[in-house]
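Student: I would like to learn how to read helix packing and nonpolar cores. Can we work through an example?

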Amino acid sequence: MPTVEPLTLHQTMLHEIPRGRWQEKGGSEPLFSAAPTPLNLATDRFIREEMLQPAFAFAREIVATDEYGSPVPELVRAALADPTLLATNSKEIAEWMHRKQTNGSSAGVFMASLASSSKGNRFVILKAEHQEGVRLNHEGEGDDVVFQVEHLTELIMGQNSRVYKIGLFWIDDADQLVGLMVDKQNGVSFADYFLQQFLGCDLKHRAEVQTEDFVKALTKFINSPLISEEKRGRYATAAVAVLESPAPQLNPTSFISEFLDAEDRDVFSESLPSQIRSSTFAKDTRLVSSQIGGLKLKTSSGVTITASSEAMQNGTVTVDSDSPEGPRIIVRGSTDSYRLSRPPA
């Protein structure tokens, strides 16, 4: 998880983006601000400590690229070099977001801010929803107090506002525009339009995709007709143990040499995607969390057995590939209960 130093906001532009994608005819247009919005101390603290900093716990590291034709990287880079460009460049960035967001995207507030941390200058992009609320005012004193309720339809950001998208950028030591992205609407995944078409970036690390690629390749390999019943159970159990272990990294080469028989190593290695075959990467099981923690054994007779990894390791469930009657699955233990169920998938 990336560490983000506390930010100080210096200049902040706010624009209003309508719902959905820009339309050539008849569509709503963004409402642009002409100058930075002064933030009082309470608002400044709220944005930094309540909206930005907690969201960075879900951040993904990104790096700018010219592959997608987005103007955002150059506009951000220029504003970091010349703060007087914030007003004009933030307007262009907000307009680009409106053009690239999906038709179902909600209306909201677009914020662009020049900021700094202990490690240098930063550029912040944030999109959040509008929020309605009420404010209680009073007039008079003593026994003559009269209360009035004011309906606030343009409360920009409140305690319960939903933050949709966040981008944090800076120039690294190699003069690359890098940063962090948060897409709170899509959890572990992210909207391609936001990362690529809008921000013009790629993920710096794709650990969860690399982990998923490894699991997919191993699953396909294990179920190959070339692999015996005994090996399938042994290799699958080893994979579960590695994926569940506290080790923070995954090295396919080490897995192959430690757990696969010599005659199977080259075949499996060649089946791996080239980008992970000889690399070590952070183990991130978020995309395969539903596939680990146990094993599912499907038989040719139409019976499916689901077992925990512990059951496979301690011998509660075993595969006897040398039985005279043919390969069979042995489950040790008594039946606690019977339940009606739909057919196994």
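This is a predicted model: local features need pLDDT of at least 70, side-chain atom pairs count only at pLDDT 80 or more; totals for chains, interfaces and linings use all residues.

Student: Which residues of helix 7 and helix 8 make the contact?

Tutor: Helix 7 contributes Phe255, Ile256 and Ser257. Helix 8 contributes Arg265, Phe268 and Ser269. By class, that contact has three nonpolar, two polar and one charged residues.

Student: How is the geometry of such a pair described?

Tutor: Two packed helices are described by the angle between their axes and the distance between the axes. Helix 7 (residues 252-259) and helix 8 (residues 262-271) pack at about 160 degrees, with axes 9 Å apart. Angles over 145 degrees count as roughly antiparallel, so helix 7 and helix 8 are roughly antiparallel to each other.

Student: At what angle do helix 2 and helix 3 pack?

Tutor: About 160 degrees, with their axes 10 Å apart. Helix 2 passes helix 3 in a left-handed crossing. Val72, Leu75, Val76, Ala78 and Ala79 of helix 2 meet Asn89, Glu92, Ile93 and Trp96 of helix 3. Seven residues of this contact are nonpolar, one is polar and one is charged.

Student: Now the cores. How many residues does the largest nonpolar core have?

Tutor: In soluble globular proteins, nonpolar side chains tend to be buried together. Here the largest nonpolar core has 28 residues. Phe123, Ile125, Phe198 and Leu199 have the most contacts inside it. Elements that each supply at least two residues include helix 2, helix 3 and strand 4 (120-128). A second, separate core has 22 residues, among them Ala239, Ile256, Leu260 and Val288.

Student: What does isoleucine 125 contact, leaving aside neighbours within four places in sequence?

Tutor: Its contacts include Val72, Val76, Ile93, Phe198 and Leu199.

Note on methods. Residues are numbered from 1 along each chain as its sequence is written. Side-chain values use heavy atoms; hydrogens and water are left out. A nonpolar core is a set of buried Ala, Val, Leu, Ile, Met, Phe, Trp, Tyr and Cys residues joined through side-chain atoms within 4.5 Å. Buried means under 20% relative accessible area, exposed over 50%, partly exposed in between (1.4 Å probe, protein chains only). Helices (H or I, at least four residues) and strands (E, at least two) are DSSP runs, numbered from the N terminus. Contact means heavy atoms within 4.5 Å. Axes are lines fitted to C-alpha atoms, for helices over the stretch in contact, and angles run from 0 to 180 degrees between N-to-C directions. A crossing is left-handed if the near helix is turned anticlockwise from the far one by less than a right angle, and right-handed if clockwise. Ala, Val, Leu, Ile, Met, Phe, Trp, Tyr, Cys and Pro count as nonpolar, Asp, Glu, Lys and Arg as charged, and the others, Gly among them, as polar. Angles under 35 degrees count as roughly parallel, over 145 as roughly antiparallel, 65 to 115 as roughly perpendicular and the rest as oblique.
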